[in-house]
Amino acid sequence: MRMKIENGHVLDPGHIDGLRDIWILDGRIEAVTEPGTCMEKADEVLDAAGLFVTPGLIDMHVHLREPGQEYKETIESGCRAAVKGGFTAVCCMPNTRPVNDHAGITSWIVQQAEKAGLARVYPVAAITGGLGGQQLNEYADLKAAGAIALSDDGMPVVDGQTMRRAMEYAQAFDLFIISHCEDLSLVAGGVMNEGAVATRLGLGGIPNLSESLMVEREIGLAELTGSRVHIAHVSTRESVRAIRQAKARGVQVTAETAPHYFCLTEEAVGEYDTLAKMNPPLRSEADRKAIIEGLQDGTLDCIATDHAPHAPMEKEVPFDEAPNGIIGLETSLGLSLKLVHDGSISLGDLVRLMSKNPARILGMGNDLVPGAPADLTLMDIRASWTVVPASFASLSRNTPFGGWQLRGQAVGTIVGGRLVYKI
Amino acid sequence: MYFSRKDILDIASLSVEEMTHILDTAQGMKEISLRPVKKVPTLRGKTLILFFHEASTRTKTSFDIAGKRLSADVIALAKSGSSMAKGESLLDTVKTLEAMQPDVVVMRHGTSGAARFIAGHLKCGVINAGDGRHAHPTQALLDMMTIREKKGRIAGLKVAIIGDIAHSRVARSNMEGLVKMGAEVRVAGPPTMIPKGIESYGVKAFFSVDKALEGADVIIMLRMQKERMNNVLFSTEREYAREFGLSEKRVSMAHPDAVVLHPGPMNRGVEISDTVADGSRSAILDQVENGVALRMALFYLLSGGVRNADED
């Protein structure tokens with residue numbers, strides 16, 4: 001089976017940037033040729049005129065909720081949302097029920113994802129048993145079952161010694177830690193960013209320091225142990241500064257942020273809007289700007305969504321009682337393209353942030369070269385569209401971006417040479 | 001003026017005209033409580049539900065009496081006696097209550113924003129009787145009523161609010177109301193009890209009670225919540241009383257005619273001394289009396305304002 005994607009603007013930053021045809025044979029890239037180059041006859045031809053064709057987008061931070069909370073999302077529905085958003089691969093966090101802390105659960109997730117046959121799913125397994133922060137899990141087993149990284153996402157590993165040992169032990173199996181950085185003693189029951197808005201609403205505030213203090217610890221531990229560490233969902237200017245300094249002195253640290261941290265501030269909480277409640281919380285304008293600077297100068301390596309589905313009834317409660325998180329798979333590209341349209345970053349930067357860098361961090365190649373798996377995103381970066389949560393492929397609707405007018409979206413997603421989504 | 005609000009959720013959303021209208025209406029209601037037969041038929045046939053999700057004695061009693069003096073049917077519910085104790089969600093509980101066709105629901109809840117939350121789901125009027133740390137509009141209005149009564153005005157007065165500002169809904173509502181009415185508001189307490197962004201209220205914050213009291217016309221003391229001691233907000237009651245409590249000596253820093261308010265219940269000997277609480281400047285019992293009149297006014301205004309059941 002041979003497929004040809006013709007007339008598209010192929011963009012593989014630092015490698016290809018121009019009109020090319022892409023030939024795919026049996027799920028792998030066969031050749032990338034100048035337009036019009038004659039090869040064997042293709043069984044299927046996709047016309048990508050007016051579109052950009054990029055290496056597949058990768059979201060290295062999502063919650064697929066299965067097993068355990070299938071009313072919020074399933075692996076299948078989450079993958080459907082992923083490919084609709086232009087993602088060819090996602091990394092799913094282990095805070096399922098039961099927690100993904102055993103090889104049996106990891107391989108079950110892999111099987112379910114294969115059954116769905118949409119996006120690639122790389123499970124992130126738990127650092128400690130039950131996300132309890134105490135007992136290290138069987139990393140060798142988890143790795144063999146398909147775990148790509150380790151994280152107690154949602155729960156910080158409070159004990160410094162435990163995190164040190166986890167970083168050290170993970171090295172033996174070529175795994176790395178994704179750290180959810182939060183000093184719970186400073187969070188102290190807070191539910192939104194600390195500041196004038198929280199004070200006015202009478203809500204408990206979360207200081208920036210609760211994040212950056214833990215970021216500093218993880219950087220120190222990575223330095224001490226010679227491990228690499230990835231910092232999840234960076235939201236504060238202090239964290240950006242700490243990561244920038246650490247990178248400058250050669251610490252093996254990488255980091256992600258999410259679209260809501262560069263699109264929104266604490267003002268979005270408005271009058272107790274639970275769709276603006278997440279952890280870490282939306283921060284100040286100064287933080288939002290620092291996040292964009294971090295994306296511009298490479299301090300922040302990638303954009304991940306922290307896609308966190310919740311049922312409507314769970315968010316329709318007083319603010320204090322609402323669960324944290326919003327979904328992001330179907331809005332991430334459109335929101336990130338805002339940075340391209342307003343001139344903050346180039347389209348090549350965006351492809352690095354959403355595809356190349358996550359692939360590098362996850363230890364996989366995704367260059368558009370012969371022999372590589374044909375994972376591709378076809379995007380129209382200009383088309384204007386309105387975010388309508390009711391039309392999401394995700395089972396959940398919890399987004400603060402409903403009604404937003406965005407420019408640019410995925411119009412086709414190819415995974416392993418198969419067109420798994422077409423607008 | 002025509003009062004068109006469905007709910008009273010906080011002070012921030014009320015205009016100076018609306019607050020003045022409420023205070024004027026309350027002033028007129030006061031006389032009813034002094035009659036030998038303390039009841040008028042104004043709200044006959046109206047149903048008021050008092051839904052107190054958090055412990056309260058004086059506020060609940062005040063709303064209860066206010067409704068009854070206007071001849072409304074008043075039903076009081078507490079969390080322990082409601083289905084919420086059985087795990088029903090707040091939304092389901094209030095929707096169930098609404099199906100019983102109340103005219104006004106009064107709610108107290110431990111969560112900030114809870115009153116706004118239910119108001120968004122109810123067609124009937126909602127009065128916030130205190131939600132978390134957010135707002136306590138009826139307390140602020142009765143405080144303003146008391147101040148106006150004692151001082152003849154609010155604009156231009158120096159008002160000092162002393163205590164745990166960070167965790168106080170009374171402080172927030174009073175700051176919003178008094179600043180809007182033209183008072184010069186100072187707040188004071190230990191730095192642990194002064195929240196971030198306090199300047200945005202247009203008030204001046206002090207860590208020294210003496211400084212905040214200089215020349216004050218009105219002193220509003222807040223209740224020191226003893227359970228907060230676990231949150232490392234202060235050291236000991238002894239030190240708190242000495243450094244931040246209102247003693248006779250401290251009152252003398254204020255204007256000679258200063259009045260002292262306290263929303264109650266008081267911790268005598270902690271935030272306020274016996275002699276001050278019972279002294280000649282104390283307006284604490286006037287606050288309680290005005291509270292009934294103020295709540296009568298709000299029930300009246302929210303239930304249509306100009307009509308009574310007989311005219312329908």
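**Exercise 1. Find the partner of the D306(A) side chain, then describe the surroundings of D306(A) in this predicted model.**

Step 1. Start with the side chain: that of D306(A) is in polar contact with the side chain of H63(A), at 3.0 Å.

Step 2. Now widen the view. Leaving out residues up to four places away in sequence, D306(A) touches H61(A), H63(A), D153(A), H233(A), N279(A) and I326(A).

Step 3. D306(A) sits in the loop of chain A that runs between strand 15 (302–303) and helix 11 (312–315).

Step 4. Check the annotation. An unreviewed UniProt entry gives D306(A) the label "active site".

**Exercise 2. Decide whether D306(A) and T74(A) are buried or exposed.**

Step 1. Recall the cut-off: a residue counts as buried under 20% relative accessible area.

Step 2. D306(A) has a relative accessible area of 11%, so D306(A) is buried.

Step 3. T74(A) comes out at 18%, and therefore T74(A) is buried as well.

**Exercise 3. Locate T74(A) and list its contacts.**

Step 1. Look in chain A at the loop between strand 6 (57–62) and helix 1 (75–84); T74(A) lies there.

Step 2. Setting aside residues up to four places away in sequence, you will find T74(A) touching L64(A), E66(A) and L395(A).

Step 3. Compare sequence with space for another pair: T74(A) and T399(A) are separated by 325 residues in sequence, and their C-alpha atoms are 18 Å apart.

**Exercise 4. Describe the interface of chain B and chain A, from its extent down to its salt bridge.**

Step 1. Begin with the area. Interface size is often expressed as the accessible area lost when the parts come together. Here chain B and chain A bury about 1,400 Å² between them, with 58% of it on carbon and sulfur atoms.

Step 2. Count the residues: chain B brings 20 residues to the contact and chain A brings 16 residues.

Step 3. Turn to the polar pairs. With both residues at pLDDT 80 or more, 8 residue pairs are in polar contact across the interface.

Step 4. On chain B, the elements that give two or more residues to the side touching chain A are helix 3 (90–99), helix 4 (114–119) and helix 6 (169–180). Helix 4 of chain B gives the most, with 3 residues.

Step 5. Sort that side of chain B by class: 6 residues are nonpolar, 8 are polar and 6 are charged.

Step 6. Finish with the salt bridges. The count between the two chains is 1 salt bridge. R116(B) forms a salt bridge with E271(A), with the closest N and O atoms 3.0 Å apart.

Notes:
Residues numbered from 1 in each chain as written. Chains lettered and ligands numbered in written order. Predicted model: local features only at pLDDT ≥ 70, side-chain atom pairs only at ≥ 80, totals over all residues. Heavy atoms only, no water. Contact = heavy atoms within 4.5 Å. Buried area = accessible area lost by both parts, 1.4 Å probe. Salt bridge = Lys/Arg side-chain N within 4 Å of Asp/Glu carboxyl O. Polar contact = N/O pair within 3.5 Å; in protein donor to acceptor, adjacent residues only side chain to side chain. Helix = DSSP H or I, 4+ residues; strand = E, 2+ residues; numbered from the N terminus. Nonpolar A, V, L, I, M, F, W, Y, C, P; charged D, E, K, R; others polar. UniProt positions renumbered as here; feature names shortened; annotations may be inferred. Buried < 20%, exposed > 50% of the residue type's maximum accessible area, 1.4 Å probe, protein only.
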